[in-house]
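Please consider the following points while examining the model shown here.

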Amino acid sequence: MASVTQEASPAGPGEATPATIPVENPATGEVITTVPLMGPDELGQLVQKARRAQPAWAALGFEGRGQILRRAQRWMVDNVERVIDVVVSEAGKTYEDAQTADYGYTVAALGFWAKQAPAYLADEHVPSWNNPIVAGKRLIVRYAPLGVVGVIGPWNYPIANSFGDCIPALAAGNSVVLKPSEVTPLSSLLMAEMMLECGLPEHVFQVATGDGSTGAALIGEVDCVMFTGSTRTGRAVMRAAAERLIPCYLELGGKDPMIVCADADLDRAANAAAYYSMNNGGQVCISVERVYVEEPVYDRFVDKVTENVKRLRQGPPAGRASVDVGAVTFPPQMEVVEGHVQDALDKGARVLVGGQRRPGQGRFYEPTVLVDVDHSMKIMTEETFGPTLPIMKVSDAEEALRLANDTAYGLQASVWTRDIERGEALARRVEAGAVCVNDAQVNYSALNLPMGGWKSSGLGTRHGAGGIRKYTQTQSLLVTRLAPKRDLHMFPYSRLRTRLLHRLLKLLYGRGPRG
Ligand code: NDP
């Protein structure tokens with residue numbers, strides 16, 4: 001494995017041994033290294049340093065900050081194998097899963113935010129004609145950095161969903177402290193090493209390794225929190241942010257439905273169903289988690305998907321194209337997946353492929369296809385976050401829509417049909433933050449398209465203008481250049497000026513028909 005370690009500093013005489021967390025390779029069970037478990041005191045110090053470093057970073061301007069982000073982009077290209085190696089080793093995912101998302105997404109995002117930050121955050125001059133009180137004045141909206149942003153990330157995409165959200169925060173002129181998941185901290189430490197090598201001033205980007213308590217301590221210190229993780233933890237994060245009245249953005253869980261209409265290109269839909277439910281071992285917030293297929297094509301669709309999934313190779317990744325489906329990264333996730341499959345079987349579902357933990361080395365669950373499923377089963381209503389694909393027959397798209405919306409989540413969905421107009425019309429009726437027609441997941445790579453959840457799937461968005469403006473506070477500037485000694489509305493009040501103002505307002509707003 002490529003080296004990225006941040007061993008805790010050894011205890012001095014009479015000091016307690018610093019707490020550490022072991023980092024394991026889920027595909028082999030081997031412990032790779034340990035990282036410090038940072039407590040509130042260390043967090044406080046980290047954030048203080050970040051606060052001191054931030055003004056100079058902001059003062060570099062878009063050009064200066066962009067230069068460092070672009071340098072980091074080239075660093076990633078030059079160190080691609082090392083980056084992928086670190087992600088694969090701590091997440092147990094395949095080379096290709098790390099390549100397309102963790103590496104591919106991030107290398108693009110560095111350039112995107114370097115280029116777009118000045119456009120999205122440029123001063124806006126807004127018109128002053130809508131009220132005579134401000135007519136003729138210069139009105140400017142300015143996007144000022146917040147200060148220190150705390151980013152808390154999950155384990156499924158150790159770079160894309162952790163460091164990926166730090167990039168726009170940095171581009172906006174903030175310092176960032178990143179708290180990665182305790183099971184995948186090494187990728188974030190590698191990103192910190194990269195940023196320093198690329199000339200980022202010290203303490204502008206720091207990584208706080210630790211567990212949930214470290215994340216909670218971070219919220220106690222920063223000026224804004226960007227959280228990606230489960231809906232359950234998201235609620236706790238929002239409560240803590242509310243106590244401090246700091247902005248809080250939440251990218252949470254999902255139960256993404258796929259609706260397959262009878263006129264869909266069945267080969268493409270079946271290939272996509274297999275890929276978008278099993279890539280990254282199904283541990284994707286916008287994974288296809290459940291499928292509804294119109295009756296006339298149900299049997300053919302199930303056959304095609306089953307054939308696809310049967311062919312998937314699984315095991316410890318050993319370089320390029322060595323396996324298709326990787327390990328279960330987070331130990332407790334295995335119990336969730338097993339529990340959902342067992343619950344479905346108990347209630348009458350049938351397994352067509354897989355359906356069990358893979359025997360042998362590492363932590364793997366076999367790619368699994370289930371049929372005869374319904375909404376009494378957890379596998380159709382709760383986030384499974386594993387390599388499972390339950391497929392349900394529906395009489396028509398209306399039934400599929402009703403079932404697709406029968407969930408507390410609203411992250412993402414997909415509709416499959418050759419009738420593009422109908423597909424788009426159906427997509428607009430799905431209660432989700434993003435819906436693809438004849439595609440899935442790839443909208444995440446459209447960095448200028450907002451991505452965020454409805455309902456219990458989140459609050460706020462990443463990407464697009466909103467994805468960077470959220471890391472700023474707006475400052476409104478009103479500048480008066482040419483003006484009389486006294487404006488019409490100022491003291492002393494007089495009958496004449498009151499009448500004049502009255503007439504002016506009537507003239508401006510009182511014309512036109514009534515009723
Ligand atoms: P968790 O909610 O368990 O953890 C997320 C992060 O929060 C981890 O770094 C965790 O630390 C930390 N944390 C735990 N408790 C607290 C707390 N009280 N205060 C602050 N931080 C805390 O999620 P997972 O890591 O299990 O990630 C999987 C989930 O993430 C799935 O639900 C998935 O759908 C969602 N997700 C959503 C995405 C989106 O864009 N909507 C993208 C990717 C994933 P530690 O791990 O060290 O305990």
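**Note on the predicted model**

1. Buried residues make up 54% of the 515 residues in the protein. Here, buried means under 20% relative accessible area, exposed means over 50%, and partly exposed lies in between, with a 1.4 Å probe and protein chains only. The model is predicted, so local features need pLDDT of at least 70 and side-chain atom pairs count only at pLDDT 80 or more, while totals for chains, interfaces and linings use all residues. Residues are numbered from 1 along each chain as its sequence is written, and side-chain values use heavy atoms, with hydrogens and water left out.

2. The protein comprises 16 helices and 20 strands. These elements are DSSP runs, numbered from the N terminus (helices are H or I with at least four residues, strands are E with at least two). The radius of gyration is 26 Å, close to the 24 Å that the globule rule gives for 515 residues, so the protein is as compact as a globular protein of that length. That radius is taken over C-alpha atoms, and the rule is 2.2 Å times the number of residues to the power 0.38. Along the principal axes, the C-alpha trace spans about 90 × 75 × 40 Å.

3. Of the contacts between residues at least 6 apart in sequence, 71% join residues at least 24 apart. A contact means heavy atoms within 4.5 Å. The accessible surface of the protein comes to about 22,500 Å², and 53% of this belongs to carbon and sulfur atoms. Accessible areas come from the Shrake-Rupley method with a 1.4 Å probe; for residues, only the protein chains shown count as cover.

4. As to charge, the protein has 53 positive and 56 negative side chains, and the centres of the two sets lie 14 Å apart. Lys and Arg count as positive and Asp and Glu as negative, whereas His and the chain ends are not counted. Each charge is placed at NZ of Lys, CZ of Arg, CG of Asp or CD of Glu.

5. Strand β6 (residues 175-179) deserves attention. In β6, 5 of the 5 residues are buried, so the strand is largely enclosed by the rest of the structure. Both of its faces are covered: Ser175, Val177 and Lys179 are buried on one side, and Val176 and Leu178 on the other. β6 pairs in the parallel sense with strand β5 (residues 148-152) over 5 bridges, and glycine 150 stands opposite valine 177 in β6. Two strands are said to pair if DSSP finds at least two bridges between them.

6. Isoleucine 152 belongs to strand β5 and counts as buried, at 7% relative accessibility. Leaving aside residues up to four places away in sequence, isoleucine 152 touches Lys179, Gly215, Leu218, Ile219, Val225, Met226, Phe227 and Thr228.

7. Which loop holds proline 180? Proline 180 sits in the loop between β6 and α6 (186-197). This proline 180 is buried, with a relative accessible area of 1%. Its contacts, not counting residues up to four places away in sequence, are Gly153, Pro185, Ser188, Val207, Ala208 and Gly210. Proline 180 and aspartate 165, 15 residues apart in sequence, are 11 Å apart in space, C-alpha to C-alpha.

8. Strand β13 (residues 368-371) likewise has both faces covered, with Thr368 and Leu370 buried on one side and Val369 and Val371 buried on the other. Strand β12 (residues 350-353) is joined to β13 by 3 bridges and runs antiparallel to it; valine 353 stands opposite valine 369 in β13. Strand β14 (residues 388-394) is joined to β13 by 3 bridges in the parallel sense, with valine 369 opposite leucine 389 in β14.

9. Most residues other than glycine have a negative phi, and most peptide bonds are trans. The peptide bond from phenylalanine 491 to proline 492 is cis, with omega near -10 degrees; proline 492 lies in the loop between β20 (472-479) and α16 (495-509).

10. Positive phi values also occur at leucine 245, near 55 degrees, and at alanine 321, near 50 degrees. Leucine 245 is in the loop between α8 (231-244) and β9 (248-251) and is exposed, at 78% relative accessibility. Alanine 321 is in the loop between α10 (295-310) and α11 (331-346) and is partly exposed, with a relative accessible area of 47%.
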